[in-house]
Amino acid sequence: MLALQKGHTPIKSQVLSTRLEVSDSYLKKILRKLVVAELVNSSASKDGGFTLGCDITAVSLLDVCTAVDATDQLIMPELNLANRVFPGDEVHIAQSQEIVNHAFSDAQSAFNTELAQVKLSSLLERSSFQHGVVDWATLI
């Protein structure tokens with residue numbers, strides 16, 4: 001929405017939350033994380049609001065996911081189930097745990113690689129985000 005905003009003028013969180021049909025307080029928490037990650041700018045003034053903090057062609061899904069959620073580490077929960085199933089077989093348990101850890105590490109790398117390849121700009125029509133074509137405040 002920020003990339004499509006006409007003239008790339010700031011959009012109030014209320015306009016965003018109304019259009020997205022989410023609570024304004026929840027959206028503000030997400031926007032704050034995006035501001036900290038420098039993906040979004042925030043301006044607190046009468047005419048302020050939120051704007052893109054960087055070039056949309058440089059932002060990937062991984063950038064957004066990393067900013068908003070802890071997507072940097074897939075973890076197998078430590079439930080110690082193997083110790084209950086195979087009591088006393090410490091060598092086998094350690095080997096099995098290493099296999100699982102390696103699988104999760106490989107999955108994390110593949111996940112990050114896929115997300116990094118998708119730029120947000122690829123989801124939009126180029127002519128729409130270059131100058132912005134929508135005035136979101138008029139559509140709510």
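**View 1. C54 and C65 in the predicted model.**
The sulfur of C54 lies 14 Å from the closest cysteine sulfur, that of C65, which is too far for a bond. Seen from C65, the closest cysteine sulfur is that of C54, again at 14 Å and too far for a bond. A disulfide is a covalent bond between the sulfur atoms of two cysteines. Because a disulfide calls for sulfur atoms within 2.5 Å, the separation of 14 Å between the sulfurs of C54 and C65 excludes one here. The structure as a whole holds zero disulfides. C54 is partly exposed, at 29% relative accessibility, and C65 is also partly exposed, with a relative accessible area of 26%. The model shown in this view and in those that follow is predicted.

**View 2. The crossing of helices α1 and α2.**
Helix α1 covers residues 13-20 and helix α2 covers residues 24-36; their axes come within 9 Å and cross at roughly 115°. At this angle α1 is roughly perpendicular to α2. The crossing of the two helices is right-handed. On the α1 side the contact is made by S13, Q14, L16, S17 and L20, and on the α2 side by D24, L27, K28 and L31. Sorted by class, the residues in the contact of α1 with α2 are four nonpolar, three polar and two charged.

S13, V15, L16 and S17 are the buried residues of α1. These buried residues pack against α2 and against strand β2 (49-52). S13, a residue of helix α1, has a relative accessibility of 9% and therefore counts as buried. Beyond residues up to four places away in sequence, S13 touches D24, L27, K28, L31 and F50. Among these partners, D24, L27, K28 and L31 also belong to the α2 side of the contact between α1 and α2.

**View 3. The loop between α1 and α2, with E21.**
E21 lies in the loop that joins α1 to α2. The residue follows α1 and has a positive phi. Is E21 buried or exposed? At 72% relative accessibility, E21 counts as exposed.

**View 4. The crossing of helices α2 and α3.**
The axes of α2 and of helix α3, which covers residues 61-68, come within 8 Å and cross at roughly 115°. In this crossing α2 passes α3 with right-handed geometry. I30, K33 and L34 of α2 form the contact with V64, A67 and V68 of α3. By class, the residues in this contact are five nonpolar, no polar and one charged.

E38 is placed in the loop between α2 and strand β1 (40-43). The phi of E38 is positive, about 65°, although the residue is not a glycine. E38 is exposed, with a relative accessible area of 60%.

**View 5. N83 in helix α4.**
N83 lies in helix α4, which covers residues 81-85. With a relative accessible area of 34%, N83 is partly exposed. Which residues are in contact with N83, leaving aside its neighbours within four places in sequence? The contacts of N83 are with E90 and I93. The C-alpha atoms of N83 and K29 are separated by 40 Å, and the two residues are 54 residues apart along the chain.

**View 6. S128 in helix α6.**
S128 is found in helix α6, which covers residues 126-131. The relative accessible area of S128 is 13%, so the residue is buried. Not counting residues up to four places away in sequence, S128 touches A3, L4 and V133.

Note on methods
Residues numbered from 1 in each chain as written. Predicted model: local features only at pLDDT ≥ 70, side-chain atom pairs only at ≥ 80, totals over all residues. Heavy atoms only, no water. Helix = DSSP H or I, 4+ residues; strand = E, 2+ residues; numbered from the N terminus. Buried < 20%, exposed > 50% of the residue type's maximum accessible area, 1.4 Å probe, protein only. Contact = heavy atoms within 4.5 Å. Axes fitted to C-alpha atoms, helices over the stretch in contact; angles between N-to-C directions. Parallel < 35°, antiparallel > 145°, perpendicular 65-115°, else oblique. Left-handed = near helix turned anticlockwise from the far one by under 90°. Nonpolar A, V, L, I, M, F, W, Y, C, P; charged D, E, K, R; others polar.
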